Amino acid sequence: MRDKKTVQKVLSKLPSVDEILKGRYGIAWLRDYPRKYVREAVRDVIEVRRKEVLADPATDVSVEGMVPDINGRIRDLSSPSLRQVINATGVVIHTNLGRSIISDRAAENVRRIATGYSNLEYDLDKGVRGKRYAHIKRLLREVTGAEDGFAVNNNAAAVLLCLSAIARGREVIVSRGELVEIGGSFRVPDVMVQGNAVLREVGTTNKTHPDDYREAINENTGLILKVHQSNYRITGFTEDVSIERLAEIGRENRIPVMYDLGSGCLIDLKPFGIHSEPNVSDILKSGVDIVTFSGDKLLGGPQAGIIVGNRQMIEHIQKNPLTRALRIDKLTLAALEATLYGYLDIEKAKDMIPTLKMLLEDAGVLKARAKKIASLLKRETANAMIDVIQDSSQAGGGSLPEISFPTYVVTIKPKKISVNNLEERLRRGELPVIARIREDSLILDARTISDKEASLVVKCVKAALV
Ligand SMILES: *Cc1c(COP(=O)(O)O)cnc(C)c1O
């Protein structure tokens with residue numbers, strides 16, 4: 001009985017939402033955060049206290065006592081859903097983590113164009129309406145050797161647009177070995193349907209010959225399409241038709257030929273021991289009419305779909321009504337222009353484009369970085385066994401699937417908590433760190449952790465290990 005009375009007495013001391021909002025703290029919160037979130041946070045914390053009082057009348061019900069909880073709740077509600085994370089997976093083009101990161105130079109260009117007006121569709125020389133695609137035309141020609149080019153929302157859009165513009169209502173010849181699915185939602189046969197083109201499969205899964213294409217050609221053939229296998233390789237008893245041969249067959253029969261490259265690398269990767277990834281300018285030299293590729297895979301720029309090729313064809317594609325629906329926005333254009341600029345000197349591109357820099361980074365540099373992270377960590381915590389070992393990382397993003405890049409990783413074997421627990425704490429922290437687990441160790445791959453991020457990672461791991 002007395003207990004009930006005490007509880008009632010304490011409950012009556014609980015401040016109301018309005019009291020808190022009108023007080024010193026409330027006024028400050030309302031100045032800095034949306035009223036909706038402040039009210040919700042205050043209401044939630046009062047409710048929590050009410051329940052605590054029912055269980056224990058000695059609960060502190062002062063406003064001061066609630067401030068840290070309310071602060072935390074407001075911050076949770078106000079923190080953006082899309083936020084920066086640290087990629088410790090070593091997968092450079094990690095589709096779930098935003099694929100490529102752009103260079104500082106590109107980001108700075110985005111900021112300028114985003115916060116001021118621009119000549120997006122305005123010709124400054126003539127003072128008349130201009131074209132948004134004009135801004136990257138020259139660079140695309142210079143860095144790929146193509147006659148002309150432009151960019152749309154992403155490479156899936158680029159393929160859809162090209163199919164619709166070139167082969168609407170007509171047959172598109174594709175090798176069975178190239179009817180790929182990329183990232184779960186982009187399937188060549190489905191895109192074909194959307195583009196109102198009729199798929200004409202030739203060859204078998206492992207082998208397609210030039211005659212397979214020649215025999216499939218008829219008066220209703222609109223396009224010969226080659227698709228880069230991107231995220232898988234067929235090995236063993238295989239044969240496909242080179243883009244040079246396809247371009248030849250196309251010329252002989254007056255049928256356009258298109259190559260969907262997916263990754264679209266602009267530099268020659270052979271000096272780095274990578275022979276499977278054709279570069280865009282070599283492909284264009286084959287005489288192919290159209291090449292499409294992604295902006296945020298090996299190119300290392302923003303999400304975009306780049307279409308390059310012969311001038312007539314590009315002009316024809318640009319006139320298609322779908323172009324307007326799939327168009328690239330000005331922020332992407334700003335990032336893309338700066339990224340392409342980085343390729344004018346191929347030698348510099350490896351250092352200027354973060355994706356290339358991370359992929360092609362010298363193993364010695366990765367080793368030094370892993371060692372630095374490990375030694376900082378050892379100094380900061382005794383709650384784990386910490387080591388540096390050699391390992392390998394993947395390019396990701398459906399690029400270079402068969403290649404593993406030698407790398408160095410920090411392995412962390414926690415002593416007080418499970419490795420799963422450690423992984424979860426890091427992932428759910430204020431600055432999320434995304435890492436892999438192998439057996440009973442957490443693996444931090446030095447390849448995708450920048451020097452700037454190294455000390456942040458150490459801080460996050462230390463906090464997660466206590
Ligand atoms: C990745 C890829 C696509 C899709 O490109 P997005 O930029 O993700 O839209 C299409 N074709 C190939 C061969 C690819 O590798």
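Start by selecting asparagine 87 and threonine 89: a polar contact of 2.5 Å joins their side chains. A polar contact is a pair of N or O atoms within 3.5 Å; within protein, one must be able to donate a hydrogen and the other to accept it, and residues adjacent in sequence count only if both atoms are side-chain atoms.

Before moving on, note that this is a predicted model, in which local features need pLDDT of at least 70, side-chain atom pairs count only at pLDDT 80 or more, and totals for chains, interfaces and linings use all residues. Residues are numbered from 1 along each chain as its sequence is written, and side-chain values use heavy atoms, with hydrogens and water left out.

**Stop 1: around asparagine 87**

Stay on asparagine 87. It lies in strand 1 (residues 86–87). Strands (E, at least two residues) and helices (H or I, at least four) are DSSP runs, numbered from the N terminus. Is asparagine 87 buried or exposed? Asparagine 87 is buried, because its relative accessible area is 12%. Buried means under 20% relative accessible area, exposed over 50%, and partly exposed in between (1.4 Å probe, protein chains only). Now show its contacts, leaving aside neighbours within four places in sequence: His94, Leu97, Ile434, Thr448 and Ile449. Contact means heavy atoms within 4.5 Å.

**Stop 2: the whole chain**

Zoom out. The protein chain has 20 helices and 17 strands. Its C-alpha trace spans about 100 × 55 × 45 Å along the principal axes. Of its 466 residues, 48% count as buried. Take the contacts between residues at least 6 apart in sequence: 74% of them join residues at least 24 apart.

**Stop 3**

Color the strands in the order 4-12-11-10-9-5-8. These 7 strands form an open sheet with mixed pairing. Two strands pair if DSSP finds at least two bridges between them. At the edges are strand 4 (148–152) and strand 8 (198–202), each pairing on one side only. From one strand to the next, the twist averages 25°. Axes here are lines fitted to C-alpha atoms, for helices over the stretch in contact, and angles run from 0 to 180 degrees between N-to-C directions.

Select strand 11 (residues 290–294). 5 of its 5 residues are buried, so the strand is largely enclosed by the rest of the structure. Check both faces: Ile290, Thr292 and Ser294 are buried on one side, Val291 and Phe293 on the other. Look for methionine 258, which stands opposite isoleucine 290 in strand 11.

Next, show strand 5 (residues 171–175) and strand 9 (residues 221–227). They run parallel and are joined by 3 bridges. Which residue in strand 9 is the bridge partner of glutamate 171? The partner is threonine 221.

**Stop 3: an aromatic pair**

The structure holds 2 aromatic pairs. Rings of Phe, Tyr and Trp (its six-membered ring) pair if their centres lie within 6.5 Å; planes under 30 degrees apart count as stacked, over 60 as edge-to-face and the rest as tilted. Select tyrosine 133 and phenylalanine 150. Their ring centres are 5.0 Å apart and their planes lie at 75°, so this pair is edge-to-face. Tyrosine 133 sits in the loop between strand 3 (128–129) and helix 7 (134–144), and phenylalanine 150 in strand 4, so the pair ties together parts 17 residues apart in sequence. Both residues are buried.

**Stop 4: arginine 214**

Go to helix 10 (residues 210–216) and pick arginine 214. Arginine 214 counts as partly exposed because its relative accessibility is 30%. Leaving aside neighbours within four places in sequence, its contacts are Arg245, Ile249 and Glu252.

**Stop 6**

Finish with the order 13-14-17-16. These 4 strands form an open sheet with antiparallel pairing. The edge strands, strand 13 (384–393) and strand 16, each pair on one side only.

Helix 19 lies across strand 14, strand 16 and strand 17, at about 40° to strand 17. Last, show helix 20: it packs on the sheet, touching strand 13, strand 14 and strand 17, and its direction makes about 30° with that of strand 14.
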